[in-house]
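Good morning, colleagues. Please have the sequence and the model in view as I speak.

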Amino acid sequence: MKINRTARHHRPRVAISAPANSALAVLATTLALAGCVAAPPSPAPQPAPRVAPAPPPAQTTAPPPSFRDWRDAPQTVGSWFYHATPNGGVAQFSNPPSATALLSLRCDRAARTVTIARAGAAPGPLPMSVTTSTQTRPLSASPSRAQTLEAVLPAGDRLLDAMAFSRGRFAVEVNGLPTLYLPAWSEVGRVIEDCRG
């Protein structure tokens, strides 16, 4: 028996009309173009919201520390320096030596007085208080042209001895100024002796 091999492999051809061919061509072109189109741009990043800078902390003046006993307060930084003058000696407490003296004791041998001068200015007299290990004395300090507040004592005043021999230190307080806690060094006694000799 003879087999027709051509008949077994023969498939009928499907005829596609011209309009269908065009539609397929358009669809293929559209699909090809769709693959080439760039994705829509992502939205531009929004700027970060503006935040006003925090205001600087308010400048406050801390109250001076208080101590149960004035002898517990830290000593004022500085040293005593003595200068001889024709009218008596001057002891100055300052830091460093060339700086304006925070406190000075000045002998006026002719008047036989010792002036306690605290650096500072004021429109009028201010209360001054000197505290030693044996006594406390209120004084009145008057402003001078040298930008100091001064209290004048007779050379024989016992407050001067109390300052010179106070145990370790003495304190000088003037309203509105930091209290000075000063060592009772020999320069203090030397000025007093200058005025009594």
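A residue is called buried here when its relative accessible area is under 20%. Please bear in mind that this is a predicted model.

I begin with strand β8, which spans residues 169-174. Five of its six residues are buried, so β8 is largely enclosed by the rest of the structure. Which strands pair with β8? One of them is strand β5, residues 126-131, joined to β8 in the antiparallel sense by four bridges. Within that pairing, S129 has E173 of β8 as its bridge partner. Strand β9, residues 180-183, also runs antiparallel to β8, and four bridges connect the two. There, R169 stands opposite P183 of β9. β8 and β9 form a hairpin with five residues between them. In the turn, G176 has a positive phi of about 85°.

S104 belongs to strand β3, residues 103-108. Is S104 buried or exposed? Its relative accessible area is 9%, which is under the 20% limit, so S104 counts as buried. Apart from neighbours within four places in sequence, S104 is in contact with A91, Q92, T115, I116 and A117.

S144, by contrast, sits in the loop between β6 (136-143) and β7 (148-154). With a relative accessible area of 22%, S144 is partly exposed. Its side chain makes a polar contact with the side chain of T148, at 2.7 Å. Finally, the C-alpha atoms of S144 and A119 are separated by 9.9 Å, and these two residues lie 25 residues apart along the chain.

Note on methods: Residues are numbered from 1 along each chain as its sequence is written. This is a predicted model: local features need pLDDT of at least 70, side-chain atom pairs count only at pLDDT 80 or more; totals for chains, interfaces and linings use all residues. Side-chain values use heavy atoms; hydrogens and water are left out. Buried means under 20% relative accessible area, exposed over 50%, partly exposed in between (1.4 Å probe, protein chains only). Contact means heavy atoms within 4.5 Å. Two strands pair if DSSP finds at least two bridges between them. A polar contact is a pair of N or O atoms within 3.5 Å; within protein, one must be able to donate a hydrogen and the other to accept it, and residues adjacent in sequence count only if both atoms are side-chain atoms.
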